[in-house]
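Here's a quick tour of a few features you can look for on screen. Have the sequence and the 3D view open side by side.

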Amino acid sequence: MTCRLLSALLLTLGLTACNDSTEPDPLNRVFLTFYPLQSSFPDDALPEQILEFERLLIANGVEEVDITLNQRLDGEAPMDDAGKPAYQYAVFRVSFSNSNTFDVYDEQQNFLYTQTVFAEDANRHYCIAIDENEPQLIESSLEMRFPKDNAETHDFISHCRELYRNQLSSSQEAY
């Protein structure tokens, strides 16, 4: 499926995973980067082991998009068998008028959480955990764009993991 066809399909669904259009978009939009928490990894995971996390995002109750993360517990860049950055499908643009509600499901399609974005959330790039215990949006300093390749996608995910760790340590210091 070409990027243009995928963009057209996902744009009608309110989600976009890649875009080569130059036309202005009158809708509100946010970018979402999904990331795993340290607790997302099994207790017996080795630091250098690559684990694949799959989730299903359903927007407005009907539009489905698969999320795929290949990550290491130690946070280092995962490499495929050919020594290239591992495949990641973790950054999405959500376009909407007033709001867009999406549900996230795990690998077995068990419901995890619901998140809604509103017009006041527009024009920001957010990080969002793939786990049910942390569904909140964390505003990030990432640009409002798609990563160029799998290596940059990993950089986006790493940014989100670090942002979450910093937020977590700041909240623990407050107590």
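## The disulfide

The structure holds 1 disulfide (a pair of cysteine sulfur atoms within 2.5 Å). This is a predicted model, with local features needing pLDDT of at least 70 and side-chain atom pairs counting only at pLDDT 80 or more, while totals for chains, interfaces and linings use all residues. Residues are numbered from 1 along each chain as its sequence is written, and side-chain values use heavy atoms, with hydrogens and water left out.

The partners are cysteine 127 and cysteine 160, with their sulfur atoms 2.1 Å apart. They link distant parts of the chain: cysteine 127 sits in strand β8 and cysteine 160 in helix α2 (residues 150–173), 33 residues apart. Helices (H or I, at least four residues) and strands (E, at least two) are DSSP runs, numbered from the N terminus. The torsion about the S-S bond is about -70°, so this disulfide is left-handed. Cysteine 127 is buried, at 0% relative accessible area, and cysteine 160 counts as buried at 0% too. For these labels, buried means under 20% relative accessible area, exposed over 50%, and partly exposed in between (1.4 Å probe, protein chains only).

## Aromatic pairs

Searching the whole structure turns up 7 aromatic pairs. Rings of Phe, Tyr and Trp (its six-membered ring) pair if their centres lie within 6.5 Å; planes under 30 degrees apart count as stacked, over 60 as edge-to-face and the rest as tilted. Take phenylalanine 31 and phenylalanine 146: the ring centres are 5.0 Å apart and the planes at 70°, so the pair is edge-to-face. Phenylalanine 31 is in strand β2 (residues 28–35) and phenylalanine 146 in the loop between β9 (137–139) and α2, so the pair ties together parts 115 residues apart in sequence. Phenylalanine 31 is buried at 2% relative accessibility, and phenylalanine 146 is buried at 17%.

Tyrosine 89 and phenylalanine 92 also make an edge-to-face pair, 5.3 Å centre to centre with 90° between the planes. Phenylalanine 92 is buried, with a relative accessible area of 2%. Ring pairs join Phe34, Tyr87, Tyr89 and Phe92 into a cluster.

## Two asparagines with positive phi

Most residues other than glycine have a negative phi. Asparagine 60, though not a glycine, has a positive phi of about 50°. You'll find asparagine 60 in the loop between β3 (50–59) and β4 (63–72), partly exposed at 42% relative accessible area.

Asparagine 123 isn't a glycine either, yet its phi is positive at about 65°. Look for asparagine 123 in the loop between β7 (111–118) and β8 (125–129); asparagine 123 is exposed, with a relative accessible area of 57%.
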